[in-house]
Amino acid sequence: QEKDVTFTQKIPERLKIQLHAEMYLPSLLSMKIWPHSGIDDADFFYSNMCHRVLCEGLASPGQDVFLPGTDCKDVYLLESGDMTYVMRRDTEATRICDQQLCVACLWAEWHHRGRLSAGQGMCYFIKVNCDAFGQVVLKYGGPLYRYLQIYGILLVSEIEWLQEDGFLMSDLNLDEEQMTNLSAQAERFANLVAVAPSPTAP
């Protein structure tokens, strides 16, 4: 892990930013939460996000990454290795890889619904800290902030609707099509808000 490499602790901050962008940008962009139309000054925003929000994690065989009922503070982007996920009410473990878990914690209080643990080999994953994510997005502001606000409302509403409909929600992400549809809806709403006339004073 980076924290165990002495060299990375001594390099200038600007090189750390570049290093983190090279390490984490593909994982960050793999999240289906970003607008399809792109964002202004994308390089600056994504580099800052990689540097301040993302970090790496490792789990040795059989090690638990999180347990059911515990507070969730991070999104988990699984990068390599087979992991197992067990819902609290399930009796069988599901083998997962290349998955994204707990995305909703970026916008809502979330408690883990199951247990995630490493399988037979070492597992590598990226963590996206929800508090740091909010701080970076708020500081960046502008249309992206508005879009992500709307996206979060739509995502949380979708999860609440599924739960009310009797669907047992896990920490696993909604499927790719659902996430893509939410992104398209959020863009449409954000564009409507952007062009709406400001109310005039009486």
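**Exercise 1. Determine where valine 136 lies and whether it is buried or exposed.**

Valine 136 belongs to helix H4, where helices are DSSP runs of H or I with at least four residues, and strands are E runs of at least two, both numbered from the N terminus. The model is predicted: local features need pLDDT of at least 70, side-chain atom pairs count only at pLDDT 80 or more, and totals for chains, interfaces and linings use all residues. Residues are numbered from 1 along each chain as its sequence is written, and side-chain values use heavy atoms, with hydrogens and water left out.

Step 1. Buried means under 20% relative accessible area, exposed over 50%, and partly exposed in between (1.4 Å probe, protein chains only). Valine 136 has 9% relative accessibility and therefore counts as buried.

Step 2. Contact means heavy atoms within 4.5 Å. Setting aside neighbours within four places in sequence, valine 136 is in contact with Phe45, Asn48, Met49, Arg52 and Val53.

Step 3. The C-alpha atoms of valine 136 and valine 53 are 8.0 Å apart, while the two residues are separated by 83 residues in sequence.

**Exercise 2. Identify the buried residues of helix H3 and what covers them.**

Step 1. Helix H3 spans residues 42–52, and its buried residues include Phe45, Tyr46, Asn48, Met49, Cys50 and His51.

Step 2. The cover over the buried residues of H3 includes H2, S1, H4 and H5.

**Exercise 3. Describe how H4 packs with H5.**

Step 1. Helix H4 (residues 130–140) packs with H5 at an angle of about 135°, the axes being 7 Å apart. Axes are lines fitted to C-alpha atoms, for helices over the stretch in contact, and angles run from 0 to 180 degrees between N-to-C directions.

Step 2. H4 is therefore oblique to H5; angles under 35 degrees count as roughly parallel, over 145 as roughly antiparallel, 65 to 115 as roughly perpendicular and the rest as oblique.

Step 3. H4 contributes Phe133, Val137, Leu138 and Tyr140 to the contact, and H5 contributes Gly142, Leu144, Tyr145 and Leu148.

**Exercise 4. Characterise the largest nonpolar core.**

Step 1. A nonpolar core is a set of buried Ala, Val, Leu, Ile, Met, Phe, Trp, Tyr and Cys residues joined through side-chain atoms within 4.5 Å. The largest one has 56 residues, and Trp34, Met49 and Phe133 have the most contacts inside it.

Step 2. Helix H5 (residues 142–164) supplies the largest share of this core, 9 residues.

Step 3. Beyond neighbours within four places in sequence, the contacts of tryptophan 34 include Met49, Phe133, Tyr147 and Leu148.

**Exercise 5. Locate aspartate 98 and cysteine 102, and state whether each is buried or exposed.**

Step 1. Aspartate 98, in the loop between S5 (94–96) and S6, has a positive phi near 50°. Its 65% relative accessibility counts as exposed.

Step 2. Cysteine 102, in the loop between S6 and S7 (114–118), has a positive phi of about 65°. At 2% relative accessibility, cysteine 102 counts as buried.
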